[in-house]
Amino acid sequence: MDVLTAKVLPEPRKVCVNATILVDSTGLWGDHDIHDFTLPAIQIQIVLILGCQHALHFLLRLLRIPSGVSQIVVGLAFSALFKWVDRNHVSTGYFTVPSQEILSTITLFGFVLYLFLTGVKMDAKTVLKRAGPKAIVIGLITVVVPMLTSMMTTAFLTSKWLPPTTDSFIQMSVSRLSMINVATTFPVILALLYEMEILTSELGRLAVSSAIVGDATHFVLLLALLIKTHSETKTLIAFITAVCSALAIVYLVRPVLFWIIKQTPEGRQVKNVYVVSITIGLLLVTASMKAFHVLTLVTPFIIGLMIPEGPPLGSALVQKLDPLVSGLLMPVYVTTCAMRVNLHEGMLRSRIILINLMVAAVVQPVKLIACTMTASLFKIPLRDCFSLALIMCSKGALDVVSLALLKDRNAVTEDGFTTNVLLTLAMGFVIPLLVRFLFDQSRHFTAYVRRNVEMLSHEDELRTLVCINRNESIPMFLNFLNAGPPTPDSPMDLTVIHLVELLGRSSPVLISHFHTVQRRETETDATGQSTQFVIDAFRNYKKKYEEEAMKLDVYTSITTVKLMPTDICTLALDKVASLIILAFHVEWAEDGTLEYEDFKLKNLNMAVMERAPCSVGILINRGNLTSAATISLTNTFTASYFNIALLYFGGGDDREAASVALRMMANSGNTTLTVIHFKTAGAAGEAEEGFQDCDAADKEVLERMQALEAENRRMKCMEEVVKDGPETALILRSIVNDYDLMVVGRREGVKSSLTSGLGEWSEYPELGVVGDLLAVADLETRTSVLVLQQQKLAKTVLR
């Protein structure tokens, strides 16, 4: 039957509910069934919903599909299941009408907090300031053009397909749903970019900025249409109330928030009383806006925007509220919204559904084309333009929530709601797959040009990227650099990146401290560490050298640990770096005891070594690099006297290690170098497995080092003949305390009798077999280690 011949809304359904309020169960042996009590019913519902969500997302995350899709699918599955149960008169005792009403109310409270936290984490001013006109133009065109198309398409289809006598509610429903189709939802796009690990890429940053502009544009246009469709009196009251509220938030609430920040000492957490007070104030303001029917669900987001993002206040609110909201309340709320979908056989014959599908079939391609063409005007590669357009068209959990809120207010028809939820699910599933196929982040880091230290001559500038994850590592890096300082004849272009974990923000930020004028040059993380300390330390280090000898640049990357490798590799690519130096995730104190261990840093190091567009070194501080020099921010520090040992087994990584060690020795008159060449007993002239193509290169390097030995008294070459890995280990343990620093290649995947049997007990695979042997905790030494991995090259290399 055509939907136009039936009623717009389904007929009211009578449901018998026990008026007696039963909250907590008296147990299995009580007078009532456990299913009759609200609390156990809600607990079981939450467990079922979250359990199914996580089980499904465990599979879908392999395809980089956001968790919102899993939440929607679970809601649709439960909706179909319980409708089947209802038709067959099967009593389950769960998901009863009273329990669902209570669960929806609780989780709707979570949605209010979710909007608030979204505003807290968003630093829209900084994002837009860095975006420039590119993101603004793309964001505007991506919303305005599809919205105009949507309005014209809706008007045309409703005039052609709907009789003149059609209820105005149906026409308004189609119009409202078409407006939702145009929306560019910032949180959904952010979740997609994060799940696909491209949030910190150039395309990801552009998408975030464009999404913010698009969201704001869509809100303003919807507000204008809303004002146009309401009476002048209501509109005037709502407008005056909204303006007064905004002024009160800006001029009364915001100064109080800055006062709270001033009351919090650096490095300390915000007091709980402030967090509770802000939450209570949020609920009070939201309730007040509800009484005046003014921007009820937008108010929490606006209040969140007024709170300064990041530490200490923004991060405190996120840390305390986000696990409950994002981990429990919001996923359950999305599923309950999707459970309101009503699939029935008559849908396929509904003109309303056909109109909604036709509007979506016109608007989404127009949005895709508009975004692609606009982005191409800014000389963005066409493949990336299309990927950006797909990202801007993505749909997710928040879109389903918006549809459910409209349905609760009887603003859209049930069939229209169902159709758009299914469209949202389809786009949420397909778009991540297409983006993953079109945009491969790793291909941007693929090396087609040699960028390593071995290819550089002594006079060439060494472009180095040093990654600092905590301020306590600064002395280690400075002492290491001081062992092979730059000279006018052998200059260095040093770039330092301070890695700060993203807390209390939604979008990552990469700050260049020397190239742009920043609103705040110092960014402080949750532990009180300051980038200003990093800047001052390396500025004082640079003052020791002439301008021709050294260049310096400092960056701060504020992002999640998962996305830090992308920032590091992107910066190395932009700076045309030949070497990235990372800190090992374990550090020892001066007395040899274990001082610091961070497994997040371990994962970061392994990710960088896998993706890096140049050579990578991991610096292991066993305690001597912390005390070898006296560090001061105001005075220069004394030069360190270094005895370096180069452990040479052969291969590209060892040749890279030799190049770094030779450069350090040549640039400092206080550095000695001992080259220890390990050879196989009885097979000195035979090529080992894995080195058939490297023998000539290794021979050339060894001959060059022997020639330098004759010219330089600070250099010594020696050979060690061994028969297997255990003998190699014994020699290394016997000489490890004779040096200040040992330099060795990683030699990943290389099989050799020199190290046979040593890899079976490897604890740190990122260091290789020999590096792992020198970094184990039971080795009593204060000798630090530098492990080098030469640049991984693509098949086609430009020399």
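Let's start with Glu748, which counts as partly exposed at 44% relative accessibility. Its salt-bridge partner is Arg746, and the closest N and O atoms of the two are 3.3 Å apart. Keep in mind that this is a predicted model.

**Salt bridges**

- How many salt bridges does the structure hold? The count is 19.
- Back to the opening pair: Arg746 is buried, with a relative accessible area of 8%, while Glu748 is partly exposed at 44%. The cut-off for buried is under 20% relative accessible area, so Arg746 falls on the buried side of that line.
- Some salt bridges share partners, and that joins Glu461, Arg463, Asp493 and Lys551 into one network.
- Lys602 pairs up with Glu766, with 3.1 Å between the closest N and O atoms.
- Are Lys602 and Glu766 buried or exposed? Lys602 counts as buried at 13% relative accessibility, and Glu766 counts as buried at 0%.
- Asp698 and Arg655 make another salt bridge, with their closest N and O atoms 3.2 Å apart. The two belong to distant parts of the chain: Asp698 is in helix H23 (residues 695-711) and Arg655 is in helix H22 (residues 652-667), 43 residues apart.
- Asp698 is buried, and Arg655 is buried too.

**A nonpolar patch on the surface**

- Which residues form the nonpolar patch on the surface? They are Ile136, Val137, Leu140, Ile141, Val144, Val145, Leu148, Met151, Met152, Leu377 and Phe378.
- Together, these patch residues have about 890 Å² of accessible area.
- Take Val145 as one of them: you'll find Val145 in helix H5 (residues 133-161).
- Val145 is partly exposed, with a relative accessible area of 31%.

**How helices pack**

- Two packed helices can be described with an angle between their axes and a distance between those axes.
- Helix H5, the one that holds Val145, packs with helix H13 (residues 351-376) at an angle of about 155°, and their axes are 8 Å apart. That angle makes H5 roughly antiparallel to H13, because angles over 145 degrees count that way.
- As for handedness, H5 passes H13 in a right-handed crossing.
- Helix H12 (residues 313-338) and helix H15 (residues 397-408) are another packed pair, at an angle of about 55° and with axes 9 Å apart. That makes H12 oblique to H15.
- Which way does H12 pass H15, in a left-handed or a right-handed crossing? H12 passes H15 in a left-handed crossing.

**Far apart in sequence**

- Lys121 is part of helix H3 (residues 97-121).
- At 19% relative accessibility, Lys121 counts as buried, because the cut-off for buried is under 20%.
- Lys121 and Leu305 are 184 residues apart in sequence, yet their C-alpha atoms are 7.9 Å apart in space.

Methods: Residues numbered from 1 in each chain as written. Predicted model: local features only at pLDDT ≥ 70, side-chain atom pairs only at ≥ 80, totals over all residues. Heavy atoms only, no water. Patch = residues over 30% accessible without salt bridge, like charges linked within 9 Å, V, L, I, M, F, W, Y side chains within 5 Å. Areas by Shrake-Rupley, 256 points an atom, 1.4 Å probe, with all protein chains shown as cover. Salt bridge = Lys/Arg side-chain N within 4 Å of Asp/Glu carboxyl O. Helix = DSSP H or I, 4+ residues; strand = E, 2+ residues; numbered from the N terminus. Buried < 20%, exposed > 50% of the residue type's maximum accessible area, 1.4 Å probe, protein only. Axes fitted to C-alpha atoms, helices over the stretch in contact; angles between N-to-C directions. Parallel < 35°, antiparallel > 145°, perpendicular 65-115°, else oblique. Left-handed = near helix turned anticlockwise from the far one by under 90°.
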